[in-house]
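Let's walk through a protein model together, one feature at a time. Have the picture open while you read.

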Amino acid sequence: MSHGPQSGLAAVSSALLAMSRHLEVRDVLKTIVASARELLDAQYAALGVPDDHGGFAQFVVDGVSDEQWRAIGPLPRQHGILAAMLQEARVERLADVRKDPRFEGWPAAHPDLSDFLGLPVRDGEEVIGALFLANKNCPRQNGTCGFTAEDEALLGILAQHAAIALTNARLYERSRELTIAEERSRLAHELHDAVSQKLFSLRLTAQAAARLVDRDPVRAKGELHQVAQLAAEAADELRAAVVELRPAALDEDGLVATLRTQTQVLDRAHSARVTFTARGIRALPAAQEEAVLRVTQEALHNALRHSGADHVEVTLERAGAGAVLRVTDDGSGFDPQAVRRAGRHLGLVSMRDRASGVGGRLTVESAPGKGTVIELEVPGG
């Protein structure tokens, strides 16, 4: 099968279109990996996103069947060549990966790899993934075949796209967790403004290079460099949006500071008064703190969106080694039993699941015209 520059640029365009069409990170990464394999005409391609424990949070492959992938077993660890790309942040282009001194073998069901091309995926200075290919399809004269410097440059362009996709996905996943309607609207606006123009320019530039490749290769190469530059700029803008929109982290600011910040934001954003009081709180286990935060967010969302309350009060008090959270509003209230019979849960199922997941207890007191009190009690460590 012939893969010239134009078909490669078509693969680049497909990756760009996929980013605008999908919001789920795995769908986008699958398209990027498939495009990389097609672009460089390789048997295998993969993209790994590392976790913080020496393995991979996600690992997307192309060229391996589902049955073969299941037989291979758990996701790989960060060792050998993969570690070099992630930790040393450098490109690895090898004639035979098996002969490299860092090669540590693979599971019995793993396909046999020979020539190898891999490079880190960067978001600024941070390495957020590794994109690599193996076993280039080309005539093997005297048993030799492998990836070229040109292949390396093209894969570098796709790595820029991968950075955009991963940053885009982080924004989207954070947007799903936000429980404030105004924040969701602002996030969508920020995301659109940050990247829509750059992605449009990227696609036009790639199309221009495709038209020029036969009659003016030098200009086509210049257009490809412009694609890489635009991709880098889009990644920078997305990264800036992520930093701006990222909520205060529990492990950095603590539960009390995080809740205080979020209630202050809501108090400014809504006509209802939103207050927060903490009494005698000490640090809780991470799972308990996250449960308290998520239940607070859900309860505030319900009160501000559905109750018509003038005042919503959040209190967090020490209870033995644990804590008790109360979210009280003076709104219209509701009949919890009627809501359950109607199949509308107002997030109650989610809140109860959060509570039970950490050994806590959730109670809901409400009646039409009487306001609502959501109470969560969680144990300590």
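This is a predicted model: local features need pLDDT of at least 70, side-chain atom pairs count only at pLDDT 80 or more; totals for chains, interfaces and linings use all residues.

Q: What is a salt bridge?

A: Side chains of opposite charge can pair when their charged atoms come close. The cut-off here is a side-chain nitrogen of Lys or Arg within 4 Å of a carboxyl oxygen of Asp or Glu.

Q: How many salt bridges does the structure hold?

A: There are 13 salt bridges. In another of these pairs, Arg93 meets Glu152 at 2.9 Å, N to O. Here too distant parts of the chain are linked: Arg93 belongs to strand S3 (residues 92–94) and Glu152 to helix H5 (residues 149–177), 59 residues apart. Then there's Arg354 with Glu290, at 4.0 Å, N to O. That pair links helix H12 (residues 348–357), which holds Arg354, to helix H10 (residues 286–307), which holds Glu290, and the two residues are 64 apart.

Q: Which residues are linked in a network of salt bridges?

A: Look for Arg90, Glu92, Asp100 and Arg102, which are linked in such a network.

Q: Are Arg326 and Glu375 buried or partly exposed?

A: You read that from relative accessible area: under 20% is buried, over 50% is exposed, and partly exposed is in between (1.4 Å probe, protein chains only). Arg326 has 28%, so it is partly exposed, whereas Glu375 has 19% and counts as buried. In the Arg93 pair, Arg93 is partly exposed at 39%, and Glu152 is partly exposed at 27%.

Q: How many helices and strands does the chain have?

A: The chain has 12 helices and 10 strands. Both are DSSP runs numbered from the N terminus: helices are H or I with at least four residues, and strands are E with at least two. Of the chain's 381 residues, 45% count as buried.

Q: Why is helix H4 called largely enclosed?

A: Count its buried residues. In H4 (residues 80–87), 7 of the 8 residues are buried, so the rest of the structure largely encloses this helix. The buried ones are Gly80, Ile81, Leu82, Ala83, Ala84, Met85 and Leu86. Their cover includes S1, strand S2 (56–62), S3, strand S4 (116–123) and S5. Just after H4, Ala89 takes a positive phi of about 55 degrees.

Q: Which other residues have a positive phi?

A: Asp41 isn't a glycine, yet its phi is positive, about 55 degrees. Asp41 lies in the loop between helix H2 (25–40) and strand S1 (42–50), and at 15% relative accessibility it counts as buried. Asn135, also a residue other than glycine, has a positive phi near 60 degrees. Asn135 is in strand S5 (residues 126–136) and is buried, with a relative accessible area of 6%.

Q: What does Asp151 touch?

A: Contact means heavy atoms within 4.5 Å. Not counting residues up to four places away in sequence, Asp151 touches Leu40, Leu117, Lys136 and Gly146. Asp151 is in helix H5 and, at 7% relative accessibility, counts as buried.

Q: At what angle do H9 and H10 pack?

A: Axes are lines fitted to C-alpha atoms, for helices over the stretch in contact, and angles run from 0 to 180 degrees between N-to-C directions. Helix H9 (residues 255–269) packs with H10 at about 15 degrees, their axes 11 Å apart.

Conventions:
Residues are numbered from 1 along each chain as its sequence is written. Side-chain values use heavy atoms; hydrogens and water are left out.
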